[in-house]
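Hello,

Here is the structure you will be working with. Please open it next to this message, then read on for what turned up.

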Amino acid sequence: MTQTVRDATFELFRAHGMTTIFGNPGSTELPMLANLPDDFTYVLGLQEQAVVGMADGYAQATGRPTHVNLHTAPGVGNAVGAIFTAKVNKAPLVITAGQQVRAQVTHEALLTNRDATLGPQPYVKWSHEPPRAQDVPGAIGRAIHHATLAPRGPAFVSIPMDDWTAEADEDRAVHARRRMVGGRAVPDPVELAQLASLLESARNPVMVAGPDIDASGGWNAAVALAEKQRLPVWASPPTASSRIGFPERHPNFAGILPPAIGPLAQTLEGHDLVLVAGSYVFPYYPYIPGPLLPEGTTLVLLTSDPDEAARAPMGDALVGDVALALQELVELVGESDRHAPDPRPDPPVPEPQDPMTGSQAMAVLADVWPAGGIAVAEAPSSSSALRNRLRLSEPGSYYQSGSGGLGFAISAAVGVQLGQPERPVVCVVGEGSAQYGITALWTAVAYKVPVTFLVLRNQEYMILKWFAAFEQVEGAPGLELPGLDTAAVARAYGMPASDASTPEELAEFLCQGTAATESPRLVQARIASGMWAE
Ligand SMILES: Cc1ncc(C[n+]2csc(CCOP(=O)(O)OP(=O)(O)O)c2C)c(N)n1
């Protein structure tokens with residue numbers, strides 16, 4: 001035998017720089033993992049939601065396709081919530097899962113992944129189980145291309161466990177390995193030129209900056225366009241800000257758009273043209289009805305995602321790579337003589353309170369924020385305060401779940417830190433949200449991933465109490481979290497953890513955390529009940 005399917009597949013992974021595997025193993029995956037080559041790293045997650053979350057963070061922070069390996073049907077089942085989030089985050093994940101030996105699939109022996117391709121649907125771009133062992137390298141190659149072509153996202157391949165030792169079809173394997181597929185397409189030049197004239201002739205245009213600006217590398221072009229055309233820039237609503245698309249300390253930065261239909265349109269009042277770059281239109285929630293746009297306002301969306309272009313309820317759309325489109329627009333438009341927008345003031349120093357408010361905690365975080373820091377956030381009642389206090393202004397500095405599904409932050413922070421080892425990562429997470437990805441704390445300890453975790457402990461699901469009031473729901477159970485001690489849980493995973501009850505203690509523990517370069521730390525801050533806007 002010359003080459004096995006396994007050898008051919010590992011060569012394919014090498015050719016794409018995919019030598020880090022995030023996984024949780026089972027018997028059906030062991031044949032793939034046997035004698036893992038030295039140039040591969042296996043990052044063990046203890047539950048599949050955390051495995052996918054870590055890979056999501058890593059894929060976004062590196063911009064590279066990332067391999068996730070799951071255990072047949074139950075592993076994929078556990079992972080589905082995180083795959084849903086990875087799809088909205090446009091994380092290029094190549095998810096493989098083990099399957100029973102081919103000879104035992106038809107009669108459904110134990111752990112057979114019945115109808116394997118349906119498990120992760122509809123949250124993957126492509127789902128496949130190769131008809132022959134020899135097709136495994138080609139199928140994984142195809143999954144890599146699906147994952148990385150716009151819009152990026154997860155793709156799935158189910159692999160019967162006896163395939164790995166089968167003889168490869170070398171001709172096909174070599175072609176699969178050599179294929180490089182690119183797809184950064186530019187929007188129609190005629191439509192871009194029309195958009196440039198529309199922008200130049202608008203009386204009072206505005207830009208809305210979304211996560212795909214950051215993901216596509218369009219940060220500088222967005223700034224250049226805003227400056228050249230004197231555009232105020234709103235961040236896309238927080239419900240979908242999986243990343244930040246514009247420096248939030250820039251004088252043109254206007255703030256974060258509200259997420260509901262009526263208030264969002266009201267915020268855009270007075271603008272005759274709204275240019276939305278790299279966000280879908282719009283991640284509305286909750287439902288507050290109203291006109292979609294103010295009277296007389298035109299909207300144009302720049303997106304790399306044909307689905308986002310088609311489903312927007314209003315406005316025109318140009319499909320193409322967001323960074324390339326913005327760069328082209330910068331070339332096409334002239335210098336405007338409109339008035340530059342007034343810079344947005346910092347929020348006032350928060351009133352001291354005992355226990356601390358979320359605003360106080362975020363003000364402390366802003367005071368001790370490390371140079372080059374990256375925030376990974378999932379703290380619903382304090383997330384506005386976090387954005388308004390930190391005002392992050394470097395590319396690749398902010399990640400959150402774009403889907404509204406919890407379980408992202410703790411796991412993704414580990415993946416982001418592995419992908420960006422030179423930058424300090426701080427994960428800000430509500431105590432409720434923390435529990436969905438909690439097992440990733442163990443991975444952070446085991447792999448010496450020096451994330452600083454800040455857990456905000458208000459002993460409740462505060463955001464759901466806010467929703468209850470909004471929805472006029474009374475007496476709903478399940479909104480209190482008494483006695484949930486996340487610092488104790490962290491210690492059980494081997495992580496040093498402290499409780500901070502004053503701003504001074506919080507500052508001290510955060511500084512200890514961000515100074516540590518070899519190991520993670522957790523700080524649990526007791527905060528008051530409330531929604532913290534700034
Ligand atoms: C997977 C998943 N399950 C449940 C929810 C519903 N949910 C949204 S916010 C929230 C509570 C978050 O609580 P916590 O992290 O403590 O933050 P707080 O609202 O108190 O700031 C829950 C349970 C969800 N979004 N995702």
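This is a predicted model: local features need pLDDT of at least 70, side-chain atom pairs count only at pLDDT 80 or more; totals for chains, interfaces and linings use all residues.

One definition first: helices (H or I, at least four residues) and strands (E, at least two) are DSSP runs, numbered from the N terminus.

**Cis peptide bonds**

Start with the prolines. Gln121 and Pro122 are joined by a cis peptide bond, with omega at about 0°. Where does Pro122 sit? Pro122 is in the loop that runs between β4 (93-99) and β5 (127-128). Another cis peptide bond links Ala150 to Pro151, and here omega is about -10°. Pro151 is also a loop residue, placed between α5 (136-148) and β6 (155-160).

Check the backbone at Thr72 as well. Thr72 is not a glycine, yet its phi is positive, about 25°. Thr72 belongs to helix α4 (residues 72-89).

**The sheet from β7 to β12**

This open sheet has six strands. Their order is β9-β8-β7-β10-β11-β12, and the pairing is parallel. Which strands stand at the edges? They are β9 (253-256) and β12 (316-319). Each has a single partner strand, so one side of each has no neighbour in the sheet. Neighbouring strands are turned against each other by 20° on average, direction ignored.

Within this sheet, look at β7 (residues 206-209) and β8 (residues 233-235). They run parallel and are joined by three bridges. Ala209 has Ala235 in β8 as its bridge partner. A helix packs on the sheet too: α7 (residues 189-201). Helix α7 touches β10 (273-277), β11 (298-303) and β12. The direction of α7 makes about 135° with that of β10.

**The sheet from β13 to β18**

Here again six strands form an open sheet with parallel pairing. The order is β14-β13-β15-β16-β18-β17. At the edges are β14 (398-400) and β17, and each pairs on one side only. The twist from one strand to the next averages 20°.

Strands β16 (residues 452-457) and β18 (residues 521-526) pair in the parallel sense, over six bridges. Thr452 has Arg521 in β18 as its bridge partner.

Ser498 and Gln524 are 26 residues apart in sequence. In space, their C-alpha atoms are 6.2 Å apart. What does Ser498 touch, leaving out residues up to four places away in sequence? The list is Arg491, Phe509, Leu522, Val523 and Gln524.

**The ligand**

How many residues are around the ligand? There are 16, and Ser381, Gly404, Gly432, Ser433 and Ile463 come nearest. By class, the shell has seven nonpolar, seven polar and two charged residues.

- Gly432: a backbone N or O atom lies 2.9 Å from an oxygen atom of the ligand.
- Ser433: an N or O atom in the side chain is 2.5 Å from an oxygen atom of the ligand.
- Ile463: a backbone N or O atom is 2.8 Å from an oxygen atom of the ligand.

How much of the ligand does the protein cover? On its own, the ligand has 590 Å² of accessible area, and the protein covers 78% of this. Two or more residues of the shell come from each of α16 (431-434) and α18 (462-470).

Best wishes

How values were computed
Residues are numbered from 1 along each chain as its sequence is written. Side-chain values use heavy atoms; hydrogens and water are left out. A residue is near a molecule or strand if one of its heavy atoms lies within 4 Å of it. A polar contact is a pair of N or O atoms within 3.5 Å; within protein, one must be able to donate a hydrogen and the other to accept it, and residues adjacent in sequence count only if both atoms are side-chain atoms. Accessible areas come from the Shrake-Rupley method with a 1.4 Å probe; for residues, only the protein chains shown count as cover. Ala, Val, Leu, Ile, Met, Phe, Trp, Tyr, Cys and Pro count as nonpolar, Asp, Glu, Lys and Arg as charged, and the others, Gly among them, as polar. Two strands pair if DSSP finds at least two bridges between them. Axes are lines fitted to C-alpha atoms, for helices over the stretch in contact, and angles run from 0 to 180 degrees between N-to-C directions. Contact means heavy atoms within 4.5 Å.
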